[in-house]
Amino acid sequence: SKGGALAVRAALRLAGTGIPELQPAGVMTFGAPRAGNREFAMAFDDAFHGRAWRFEYQDDLVPHLPLAANVWNVLREAAGRHWEQPETGFWSKLAAGVEANPPMSGYLPAGRLQFIDWNDRLRDDDTPALRAERWAHLCRALATALPEINRDHLPMRGYGYMDFLAACQHT
């Protein structure tokens, strides 16, 4: 996770040196949090256009970090109470908060999204519809299955990214 954010920042810094031997051929991250603001993401995407991919798996929370204050406030409020049914209380507050103020917190993703969806299909269509679908899934998972979200991010066989990569080797 943090290594992915550091890789993105280091790659942009190396690209800015102008030294041919230090120019990264490309950047590929798995489950990385956002590494910078809008200006950073635009500079990175300009420098690595077509040579940077960010893999994000199903309901992995980390690629959405850092979250905006509105989402953290709802999570904090719910933390001291019992989880409610996803159709009431917590779910409706979280969904309303996300809709009213998208959870960007000034940080934006950098690189081309390679999203491994809930059917283990690789999607590279970073559209508003996909972003809305991902947030709906993630909010529901936060409301009902927090341990599942943690498993989506684990870097070991039997979970998320590693199972997807292992399956790719056999195709």
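**Notes on the predicted model**

1. A detail to start with: Phe-115 has Arg-123, in strand 4, as its bridge partner. The two strands involved, strand 3 (residues 112–116) and strand 4, pair in the antiparallel sense over two bridges; pairing here takes at least two bridges found by DSSP.

2. Some ground rules. This is a predicted model, in which local features need pLDDT of at least 70 and side-chain atom pairs count only at pLDDT 80 or more, while totals for chains, interfaces and linings use all residues. Residues are numbered from 1 along each chain as its sequence is written, and side-chain values use heavy atoms, with hydrogens and water left out.

3. On confidence: pLDDT (the predictor's confidence in each residue, from 0 to 100) averages 79 for the protein chain, and 68% of the residues score at least 70. Watch residues 79–87, where pLDDT stays under 50 and the model has eleven contacts beyond four places in sequence; contact means heavy atoms within 4.5 Å. Where pLDDT is low, the predicted coordinates should not be read in detail.

4. The overall layout: seven helices and four strands, running α-β-α-β-α-α-β-β-α-α-α from the N terminus. Both kinds of element are DSSP runs numbered from the N terminus (helices: H or I, at least four residues; strands: E, at least two). Of the contacts between residues at least 6 apart in sequence, 73% join residues at least 24 apart.

5. The four strands make an open sheet with mixed pairing, in the order 1-2-3-4. Strand 1 (27–30) and strand 4 (122–123) are the edge strands, each pairing on one side only. Helix 7 (residues 160–169) lies across strand 1, strand 2 (52–57), strand 3 and strand 4, at about 115 degrees to strand 2. That angle is between N-to-C directions, on a scale from 0 to 180 degrees, with axes fitted to C-alpha atoms, for helices over the stretch in contact.

6. Which residues of helix 2 (residues 38–47) are buried? Phe-40, Ala-41 and Phe-44 are, and they sit on the same side of helix 2 because they cover an arc of only 95 degrees around the axis. Glu-39, Met-42 and Asp-46 are exposed on the other side. Buried is under 20% relative accessible area and exposed over 50% (1.4 Å probe, protein chains only). Cover for the buried residues of helix 2 includes helix 1 (2–15), strand 1 and strand 2.

7. Finally, burial across the chain: 39% of the 171 residues count as buried.

Definitions and conventions
Arc of directions from axis to C-beta.
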